[in-house]
Amino acid sequence: MCVWLLGTPALSEPDPSISVPLVIPSYVKEPSKADSLASYLGKSTGQGALALWTYNLKTRQILANYSSPSYSGPAVKFGAGVIAGEAYETVRKAGYRIVAPECGLTGVTGGYVQGGGQSQLVTAYGLAVDQVLEWEVVTPRGEYLIATPENNTDLYWALAGGGGGTYGVVLSATFKVFPEGPVAGGQMIVQTKNTTALWEAIGMWYNQAPSYVNNSSDNIQFFITNETLTVLAFTMPDKDASSIHNLLTPFLSDLDRLDIPYNLTTTNYPTYIDSFTASYGPLPYGNLCPNYPILSSRLIPRSTVLNQTTNKNLMDVFRTITDDGTWWVGCSILNVDDNPFTSIRPAHPPNSVHPAWRDAIAYCNPQTHQPYDWHNPQTNSQLRQKLVNDIFPAIESATLGSGVLNELDPTYKGDWKEAMYGAHYDRLLEIKHRYDSNRIMYGLFAVGSDEFTLDGEGRLCGAY
């Protein structure tokens with residue numbers, strides 16, 4: 001059977017009496033719920049699709065004394081339509097900080113957190129999804145549920161890392177928050193025309209990356225081109241600027257030995273929000289997006305950069321990618337290891353985040369310097385073919401066994417189940433079938449999506 005994807009109703013504030021199967025007729029498919037439509041995979045859209053527009057679900061409630069069997073402390077509840085900029089403003093006024101998106105326009109409770117959720121604060125507190133205390137959900141069967149680590153635990157687990165728009169319509173989520181305080185920040189530019197020396201230095205930078213975030217709360221966001229290594233933001237919560245100089249002493253000595261000039265500036269910020277807006281612009285929207293380059297993502301294993309041979313292989317791949325100036329590679333050095341014997345981050349309930357996150361030292365995005373050219377589809381097509389046929393397979397080969405963020409080009413040709421879900425896929429599929437037995441919810445590369453195909457007329461068809 002094949003169906004057209006039709007219609008777009010909107011939801012205002014949550015109404016538990018809503019029965020999703022009554023909202024979604026049997027002859028259409030729902031690709032996802034739509035909060036901010038910030039999905040590189042296009043999971044928030046579909047030709048003629050029925051999308052539940054949740055942008056008006058704007059609940060923002062500070063819960064200073066949240067209490068449950070797994071957590072007691074301050075928390076915040078956000079409706080599905082709350083964007084990151086609004087979330088930051090809410091917690092700032094109450095004296096807290098939160099793990100949330102860097103793009104102010106990105107929804108907080110949607111695919112961002114349901115796919116894991118990276119941030120400048122992940123080394124300090126863990127991924128955004130590690131902070132989720134409960135989900136308020138309407139399932140495709142029409143059930144209104146609160147999913148927590150203690151109740152509806154399978155649904156809680158699946159939503160916490162198993163991808164958005166798959167298991168139910170999330171109306172709200174409740175997150176841990178943390179006391180606001182000072183942050184050491186800064187930027188650094190390393191630039192030389194001696195490309196041999198530059199790439200030797202970049203290789204050292206990656207090799208030393210684990211030492212930057214071991215037993216620390218620090219995060220470093222940077223990018224590499226064919227001419228530079230540029231640190232966009234050092235983020236060191238609850239430290240002062242001297243910490244940056246101390247951290248970089250070995251690397252700066254290497255730069256001096258290689259006779260490579262650099263410019264390092266540091267700042268003491270009174271709060272995380274001051275540090276954040278210095279990097280990404282004023283709230284609520286910031287200036288990071290909308291700016292949509294052609295890009296994909298890859299988690300870089302700690303073991304890869306610590307091994308001299310595999311680290312060199314990765315540097316050779318990055319050098320090839322950036323060589324002609326069309327592409328650059330943006331990365332974030334982080335540590336979200338949750339081993340109870342080694343991690344300094346707060347404990348969290350079990351979740352379905354790709355296991356590769358816990359072994360990663362960075363995530364990296366190969367991307368075009370220029371944003372997507374909406375007026376030149378031929379150029380876009382050529383660049384995307386380059387990405388999926390050459391660039392991304394090379395990165396995957398250099399980082400065997402790792403995974404991806406949900407920032408992935410929709411023309412990706414690799415093993416998406418392994419790349420996006422890893423060893424959790426089979427269990428996630430069981431939970432998907434349990435809560436969506438009629439296969440109402442669909443999204444590209446979502447769990448269970450291979451049970452459908454698109455025909456030549458754009459209709460969604462059962463694959464069996």
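User: In what kind of crossing does α6 pass α7, left-handed or right-handed?
Analyst: In this predicted model, helix α6 covers residues 195–213 and helix α7 covers residues 242–257. Their axes come within 10 Å. The crossing in which α6 passes α7 is right-handed.

User: How are α6 and α7 oriented to each other, roughly parallel or roughly antiparallel?
Analyst: The axes of α6 and α7 cross at roughly 165°. Angles over 145 degrees count as roughly antiparallel. The two helices, α6 and α7, are therefore roughly antiparallel.

User: Which residues of α7 make the contact with α6, and how do the residues of the contact divide by type?
Analyst: From α6, the contact is made by E200, A201, M204, W205, Q208, S211 and Y212. From α7, the residues are L247, L248, P250, F251, D254, L255 and R257. The residues of this contact divide into nine nonpolar, two polar and three charged.

User: How many helices and strands does the protein chain have?
Analyst: The protein chain has 464 residues, of which 58% count as buried. Among its contacts between residues at least 6 apart in sequence, 73% join residues at least 24 apart. In secondary structure, the chain has 14 helices and 20 strands.

User: How many salt bridges are found in the whole structure?
Analyst: Side chains of opposite charge can pair when their charged atoms come close. A salt bridge here requires a side-chain nitrogen of Lys or Arg within 4 Å of a carboxyl oxygen of Asp or Glu. A search of the whole structure finds 16.

User: Which residues are linked with R97 in a network of salt bridges?
Analyst: R97 is part of a network of salt bridges.

User: How many residues apart in the chain are R434 and D154, whose side chains meet in a salt bridge?
Analyst: The N to O distance in this salt bridge between R434 and D154 is 2.4 Å. R434 lies in helix α14 (residues 425–435) and D154 in helix α5 (residues 153–159), so the pair links distant parts of the chain. R434 is partly exposed at 38% relative accessible area, whereas D154 is buried at 15%.

User: How far apart are the closest N and O atoms of E143 and R141?
Analyst: E143 counts as partly exposed at 28% relative accessibility. R141 counts as partly exposed at 39%. These residues form a salt bridge, and the closest N and O atoms are apart by 2.7 Å.

User: What separates the C-alpha atoms of Y156 and P350?
Analyst: Y156 lies in helix α5 and counts as buried at 2% relative accessibility. Not counting residues up to four places away in sequence, Y156 touches V132, L133, E134, W135, A147, T148, P149, P349 and P350. Y156 and P350 are 194 residues apart along the chain, and their C-alpha atoms are separated by 9.3 Å.

User: Is N215, with phi near 55°, buried or exposed?
Analyst: N215 has a positive phi in a residue other than glycine. N215 is found in the loop between α6 and β12. With a relative accessible area of 63%, N215 is exposed.

User: Is F445 buried or exposed?
Analyst: F445 has a positive phi, near 65°, in a residue other than glycine. F445 is found in the loop between α14 and β19 (452–454). Under 20% relative accessible area means buried. At 7% relative accessibility, F445 counts as buried.

Methods: Residues are numbered from 1 along each chain as its sequence is written. This is a predicted model: local features need pLDDT of at least 70, side-chain atom pairs count only at pLDDT 80 or more; totals for chains, interfaces and linings use all residues. Side-chain values use heavy atoms; hydrogens and water are left out. Axes are lines fitted to C-alpha atoms, for helices over the stretch in contact, and angles run from 0 to 180 degrees between N-to-C directions. Helices (H or I, at least four residues) and strands (E, at least two) are DSSP runs, numbered from the N terminus. Angles under 35 degrees count as roughly parallel, over 145 as roughly antiparallel, 65 to 115 as roughly perpendicular and the rest as oblique. A crossing is left-handed if the near helix is turned anticlockwise from the far one by less than a right angle, and right-handed if clockwise. Contact means heavy atoms within 4.5 Å. Ala, Val, Leu, Ile, Met, Phe, Trp, Tyr, Cys and Pro count as nonpolar, Asp, Glu, Lys and Arg as charged, and the others, Gly among them, as polar. Buried means under 20% relative accessible area, exposed over 50%, partly exposed in between (1.4 Å probe, protein chains only).
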